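Hi,

Here is the structure I promised to pass on to you. Have a look at it first, and then read my notes below.

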Amino acid sequence: MTVLLETRDLIKHFRGVQAVNGLDLAITAGRCFGLLGPNGAGKTTTVEILEGIQDPTHGTIRYRGEPLGPRFRQDIGIMFQSTALQDHVTGRENLRMFASFYPRSLPLDELVEACALGDFLDRDTRKLSGGQRQRLLLAIALVNDPELLFLDEPTTGLDPQARRNFWELIHRIKARGKTILLTTHYMEEAYHLCDEIAIMDHGRIIAQGTPRALLAAHFDDVVLQLPLADFPDPLPPLAHPVMVHRDMVEILTDDVGATVQELLAQHIPLARLLIRPRTLEDLFLELTGRELRT
Amino acid sequence: MNVRRFWAVFLCRNWEFLRDRSTLTWNLLFPIALIAGFAVAFSGSGLSFYKVGVLGAVEETDGGAFFQTRHVQFIPVADLAASLVKVERHQLDMLIDPAERRYWVNEESSKGYLLERVLRGAEAETDFHKQTVSGQIIRYVDWVAPGILAMNMMFSCLFGVGYVIVRYRKTGMLKRLKATPLTPLEFLSAQVISRLWLILATTALVFAGAHFFIGFPMHGSYFDLFLVFVLGAISLISLGLIVAARATSEELAAGLLNALSWPMTFLSGVWFSLEGVHPWLQQLAQLAPLTHIIDAARAIMIDGAGLAAISGHLLALVAMSVGFMVVGARLFRWE
C-alpha cells in the first residue's frame with residue numbers, strides 16, 4: 001500500500017512547551033486515518049503541521065516522498081473545526097472563489113449533490129444552520145477533488161441526526177478512494193469511519209492500529225453494568241474489578257458466567273443487567289487516564 | 001501573480017462591501033451630512049465669533065457705529081448681575097449698557113480686549129482709509145469640504161482594509177486561505193484594489209452630491225483631483241496594511257488605527273488651518289499622507305492649481321505608498 005503522507009521524528013516547541021514530541025506517522029493512500037487524543041495532547045498542532053499551516057521545530061514531513069510544496073497545496077482539502085466565511089457572500093460564490101484557486105476543480109453540480117447543498121446554495125452564509133454550514137465547508141474542502149482530505153472535528157456541535165448525515169457523506173468520499181485524516185472527540189465516530197486510528201498523549205503516539213485490533217490487543221474482558229441501587233450499601237467484595245460511574249456499577253470480567261453466579265450468590269437482582277463489549281472510549285481512558293472531552 | 005485567483009478574491013470582497021447596506025449607507029451619507037451641516041451652520045451671516053450682551057433691547061440703542069460691527073452678535077440682556085457672571089465665565093465677551101455709556105469686559109478675555117479696542121476705535125475719528133482685498137470670497141464650508149472628503153477617505157481606507165484583514169485573521173479565514181495555493185501578494189492586492197475602487201466610487205458620489213447641494217468651488221482639473229485621491233487612497237490603504245500585517249485582535253487593530261487617524265485628522269488641518277502652530281508640529285504634519293491629500297485637493301479646488309503646483313504633494317504620496325506597502329508586505333503573516 002502506498003504511503004501518502006509520512007513524518008519522521010516530528011518535534012514542535014511552543015514557548016517552552018513541547019507540543020509534539022518525536023512523532024512518526026505514516027498515512028496510507030485510500031484509508032481513513034483517525035487521530036485521537038485529549039485536549040492538550042498535541043493533536044491540533046500535529047494536524048496543522050501535517051496540513052502545512054505550521055512548521056515543525058524539528059523533523060521531516062513528506063507527501064508522496066517529497067517535502068511539502070505547491071503540489072501538496074493543490075492536492076489537499078481542509079475542513080477546519082471553525083472557519084468563518086465572508087459575510088454577505090453565498091455558498092455558490094464561496095465555492096466559485098475557492099474553485100478558482102486551483103488549476104482543476106470539481107463541477108459545481110457534483111459538489112452540490114455530494115454534500116447536499118441544493119436547498120441553501122444561494123443563501124448568505126450568515127444565515128446557515130450548523131449542519132448546513134459544515135456541509136458547505138466540506139464542499140469547499142472537496143472543491144479541488146483532493147487526494148488527501150483533512151477533517152478537524154467535523155461534527156462537533158451538530159445534533160445526532162446531522163452527525164449521522166455527515167458520516168454518510170464521509171462514507172461516500174471514502175468510496176471514491178480518497179485518503180482522509182480525521183480528528184474527533186467522538187469515539188463512536190472514529191469507530192464508525194476510521195480504518196486506522198492513532199491515540200496521542202503528551203505529544204506522542206501511544207497506540208496505533210485498526211479499531212478492532214487495538215481493542216483486541218488491550219482487552220479480553222467485557223463490561224457488566226447494573227444500577228447502583230440494586231446493590232446493598234456498602235458494595236460487597238467481588239472477584240473482578242468494579243467501577244462506579246454516577247448511579248451505575250461496572251464490573252470488568254473475562255468470565256461472564258462466573259460473575260453472574262457470584263452476583264446471584266450475593267442475592268443481587270439481575271433484571272436490569274446489561275453486558276457490553278469494551279469500546280474505544282474504554283481504551284482511551286485506560287491509555288490516557290483522561291476523559292476525552294476534558 | 002495569478003490573475004484568476006486575484007480576481008476571485010477581489011469579486012468576493014466587493015460583494016461583501018456592496019451588500020453590507022449599513023456600511024455602504026454610512027460611507028455615502030455621513031460625509032454629505034457633515035458637509036451639509038457645516039454649510040447650514042456657516043451660511044448667511046455665519047457663526048458669530050464675538051458675543052456682546054446689550055442691556056436693554058438692541059433696537060432701543062442709539063445706533064452707534066459699534067453696533068454696526070459685522071461678525072459680532074449683539075444679544076439683548078435684562079439682568080445686569082446675571083450678565084456680569086456670564087462675562088466672568090466667558091459666555092459673553094463684553095457687556096454694554098448704552099443708556100449709561102458704560103461697558104464691562106473680563107480682563108483675562110482676549111476677545112473682550114479686542115472688542116474693547118473695536119468699541120473705542122469705532123467711536124473715534126480716524127484718518128486711516130479703508131482698503132479692500134481683491135479675489136473671490138471663500139466660505140468656511142468651501143475650505144473645509146476638501147478636508148472632509150479626504151478625512152472620510154482616510155477612515156474608509158484605514159478601517160476598510162486594516163480592520164477587515166484583522167477580522168479575517170481572528171475568525172480563521174486567513175488560516176483557511178493559507179492552506180490553498182493563494183499567495184499573500186494575490187490576497188493583499190485583491191484587498192487593496194477592491195477597497196481602492198470602492199473608495200474612489202463613493203468619494204466621487206459624495207463629491208457630486210455635496211457639490212450639487214452645497215456648491216463648493218472646483219476651479220482646477222477633475223483629472224488632477226482624481227489623481228490626488230487615487231495616490232492618497234493607495235498611501236492610506238498601505239498604511240492600514242501595516243497595522244493589519246500581524247495584529248490578531250480587532251480591539252488592538254481599532255486602537256492602532258485610531259491612534260493613527262485622529263492625530264492625522266488634527267495635524268492635517270481638516271477643520272482649521274495650522275498657520276501659527278509650533279513649527280515642529282507643522283513639520284510633523286508633513287509625515288502624514290492626509291496633509292498632502294488635503295493641501296493638494298484644496299489647491300486644486302479652491303486655487304485651481306495644476307499638477308506642477310502640487311507635484312511635491314504627489315511625490316510625497318507616491319513615496320509614502322511605496323514605503324508603507326513594502327513594510328506591510330514584509331510584515332504580513334496569515335496567522
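In this predicted model, 22 residues of chain A are in contact with 19 residues of chain B. On the side of chain A that touches chain B, α2 (70-75) and α3 (91-99) each supply at least two residues. The biggest share comes from α3(A), which gives four. What kinds of residues make up this side of chain A? They divide into 10 nonpolar, seven polar and five charged.

Start with Gly30(A), which sits in the loop between β2 (17-28) and β3 (32-36) of chain A. Gly30(A) has 15 other C-beta atoms within 10 Å, so it counts as partly exposed. Setting aside neighbours within four places in sequence, Gly30(A) is in contact with Gly177(A) and Thr179(A).

Then go to His171(A), in helix α6 (residues 160-175) of chain A. Is His171(A) buried or exposed? His171(A) counts as exposed because it has 12 C-beta neighbours inside 10 Å, and 12 or fewer is the cut-off for that label. Glu66(A) lies 105 residues from His171(A) along the chain, and 29 Å separate their C-alpha atoms.

Enjoy exploring!

How values were computed:
Residues are numbered from 1 along each chain as its sequence is written. Chains are lettered from A and ligands numbered from 1 in the order in which they are written. This is a predicted model: local features need pLDDT of at least 70, side-chain atom pairs count only at pLDDT 80 or more; totals for chains, interfaces and linings use all residues. A residue is buried if 20 or more other C-beta atoms lie within 10 Å of its own, exposed if 12 or fewer, and partly exposed in between; C-beta atoms are placed from the backbone. Two residues are in contact if their C-beta atoms, placed from the backbone, lie within 7 Å. Ala, Val, Leu, Ile, Met, Phe, Trp, Tyr, Cys and Pro count as nonpolar, Asp, Glu, Lys and Arg as charged, and the others, Gly among them, as polar.
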